[in-house]
Every structure is written in structure tokens, then in C-alpha cells.
Amino acid sequence: MKKIYLYGNWKMNMTCGETKDFFAKMSRALEDESISGHLGTELEIAVFPAYTSIASAMAGKGRVIVGAQNVYFEHKGAFTGEVSIPMLSELGCTHVIIGHSERRQIFKESNELLASKLKAVLDAGLTPVFCYGETLEERESGETFNVFREQLTQGLSKLSKDEIERIIFAYEPVWAIGTGKSATSEEAEDACKYSRELISKLSNGAERIVILYGGSVKPDNAKELLSMPDINGALVGGASLKAESFLDIYKAYV
């Protein structure tokens with residue numbers, strides 16, 4: 001059985017109190033042998049809270065990885081409202097989401113900026129979760145793979161082949177995020193397979209590349225999606241806000 005990466009992006013949700021409650025429930029849920037027996041070798045769980053809840057998550061995380069949803073590439077300076085890599089490292093964060101579609105679409109983050117963030121995160125020894133994906137308009141106009149090529153080649157442009165292999169990639173069709181829609185397993189597999197082939201040309205080979213699928217993943221569609229050969233896990237949104245529904249995604253797979 002392949003290793004599954006179950007990552008939860010909480011977005012702008014969960015107060016410190018709600019985070020403490022989540023991890024109390026998560027701790028009890030992880031006592032289930034159907035989950036605990038797989039942790040480490042066959043299952044990796046990570047959550048990405050808002051900055052204000054990271055410390056609360058760290059206090060109760062147990063065997064769960066805690067990461068951040070974003071970071072700036074400069075270590076300090078006059079960048080009001082930003083958070084630096086040293087700040088996250090001091091809290092114990094090991095993973096950072098870079099290039100989520102909401103950062104690209106709402107906050108207008110460019111491929112050039114994301115390339116700088118990726119380089120800075122890797123230089124600091126952290127693991128970036130690099131997101132990419134097409135809008136509905138781009139998919140319907142047949143531009144999906146062109147979008148992948150642009151976002152991936154430009155985003156990875158400052159990195160060596162070895163550095164690229166340290167990234168966890170997350171394909172997220174923008175039209176399927178928070179809409180209740182999801183790519184079919186075949187659509188998701190085709191996208192991830194193409195991505196793997198493209199990334200392998202920029203790195204040292206396809207076998208070490210980890211690609212997650214993100215876009216309305218829930219227990220109902222988890223088994224079909226996670227069973228696809230080129231999908232290594234899921235970047236989960238709304239279903240990750242409750243410990244039980246989050247873990248039910250993996251239970252549905254196994």
C-alpha cells in the first residue's frame with residue numbers, strides 16, 4: 001500500500017480555543033488502530049492553521065505535523081502584515097503552503113514572487129507544499145496543461161534538481177475548491193500524471209515526486225481519488241476542520 005499524505009488547510013478558520021478542541025479530539029481519534037497502525041510508514045497527517053492558532057496546534061499536535069499557510073521570503077524588515085520563516089521556525093513549523101490559488105487569485109501573488117518564496121523556504125530547511133492549478137475558464141478553453149507548464153516552470157525556476165525533489169506538490173483545480181465540485185478521478189489522475197512527467201524533467205526523476213490532489217476532497221470520493229497511481233494524497237479544505245471527518249478520508253481509502 002502506498003504512503004498517503006493527508007494534509008488539511010484550515011484557511012481563515014479556527015480560533016485558538018477551537019484548535020485546542022480539534023487536537024483533543026484528534027488525539028482520541030488517533031488511538032483507533034485503523035489509523036495509528038498506519039501513521040509514519042503509510043500515512044502522514046499535517047494541518048495548516050491560521051498564524052494565530054499555530055502555537056495552540058503545536059501544544060496538542062502529537063504525531064501530527066503543523067505547518068503554516070503562507071510566508072514571506074525576507075527574514076525581517078518593513079513588510080507590514082507579513083510573517084517570516086524564522087518566526088515560523090521558532091514556533092516549530094516544518095511545512096509551509098506556497099502558491100495556494102487563493103493567494104494567486106485574491107492576493108495577486110505572481111509566479112516570480114512564489115519562486116522567491118520556494119527558494120527561501122527550501123534554503124531554511126523547511127518543506128514547501130507548492131500549489132498549482134487551472135480555473136474553470138482555462139480548463140474549458142483547453143489551456144489546463146499550458147497553465148501547469150507556466151506555473152510550475154516559472155515557480156521552480158530558482159531551484160536545483162535536488163531542491164525540487166524536496167517539494168510536496170498539490171494540484172488544485174480552482175473550479176473545484178470550496179464549490180462542492182470535484183474533478184473526476186480520471187481528470188485528477190490525468191492532471192497529476194502530466195504534472196509528474198513535467199516535474200520529473202526538471203528534477204532527477206518521477207519516483208521521488210509527491211503530488212497531492214486538492215479540491216472538495218471528502219470521504220465520499222476519497223477512495224476513488226487516492227487509489228489513482230499518480231495521486232499521493234489530498235490537500236483537504238473544509239473536511240479538515242473536524243478531526244473525525246478529516247480522518248474519515250483516510251479510512252475510506254483503506
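**Ground rules**

I number residues from 1 along each chain as its sequence is written, and I leave out hydrogens and water, using heavy atoms for side-chain values. Since I am reading a predicted model, I keep in mind that local features need pLDDT of at least 70 and that side-chain atom pairs count only at pLDDT 80 or more, while totals for chains, interfaces and linings use all residues.

**Entry 1: the barrel**

I looked up the strands and found a closed barrel of 8 strands with parallel pairing, in the order β1-β2-β3-β4-β5-β6-β7-β8. On average, neighbouring strands of this sheet are turned by 25° against each other, direction ignored. For my own use I note that helices (H or I, at least four residues) and strands (E, at least two) are DSSP runs numbered from the N terminus, and that two strands pair if DSSP finds at least two bridges between them. Axes are lines fitted to C-alpha atoms, for helices over the stretch in contact, and angles run from 0 to 180 degrees between N-to-C directions.

**Entry 2: strand β5 and its partners**

I then followed β5, residues 127-132, which pairs with β4, residues 95-98, in the parallel sense over 4 bridges. Within that pairing, Val 96 stands opposite Pro 128 in β5. On the β6 side, 4 bridges again join the two parallel strands, and Tyr 132 has Tyr 171 in β6 as its bridge partner.

Is β5 buried or exposed? I found 6 of its 6 residues buried, where buried means under 20% relative accessible area, exposed over 50%, and partly exposed in between (1.4 Å probe, protein chains only). In a regular strand the side chains alternate between the two faces of the sheet. Here Thr 127, Val 129 and Cys 131 point one way, while Pro 128, Phe 130 and Tyr 132 point the other way.

**Entry 3: helix α10**

Helix α10, residues 185-202, packs on the sheet and touches β5, β6 (168-171) and β7 (210-213), and its direction makes about 155° with that of β7; contact here means heavy atoms within 4.5 Å. Its 18 residues reach 26 Å from first C-alpha to last, close to the 26 Å expected at 1.5 Å a residue, the expected span being 1.5 Å times one less than the number of residues. The buried residues of α10 include Ala 188, Cys 192, Tyr 194 and Leu 198, and the buried residues of this helix pack against β5, α8, α9, β6, β7 and α11.

**Entry 4: helix α6**

After α6 comes Gly 125, with a positive phi near 85°.

**Entry 5: the cores**

A nonpolar core is a set of buried Ala, Val, Leu, Ile, Met, Phe, Trp, Tyr and Cys residues joined through side-chain atoms within 4.5 Å. The largest has 70 residues, of which Phe 22, Phe 130, Phe 169 and Tyr 213 touch the most other members. Apart from it lies another core of 13 residues, among them Tyr 5, Tyr 7, Phe 48 and Val 129.

Asn 9 lies in strand β1, residues 4-9, and I count Asn 9 as buried because its relative accessible area is 4%. A polar atom of the Asn 9 side chain lies 3.1 Å from the backbone nitrogen of Lys 11, which I log as a polar contact (a pair of N or O atoms within 3.5 Å; within protein, one must be able to donate a hydrogen and the other to accept it, and residues adjacent in sequence count only if both atoms are side-chain atoms).

Where is Ser 203 found? I located Ser 203 in the loop between α10 and β7, and a polar atom of its side chain lies 3.0 Å from the backbone oxygen of Ile 199. Ser 203 counts as buried because its relative accessibility is 4%.

Gly 215 lies in the loop between β7 and α11 (219-226). Gly 215 and Gly 237 are 22 residues apart in sequence and 7.7 Å apart in space, C-alpha to C-alpha.
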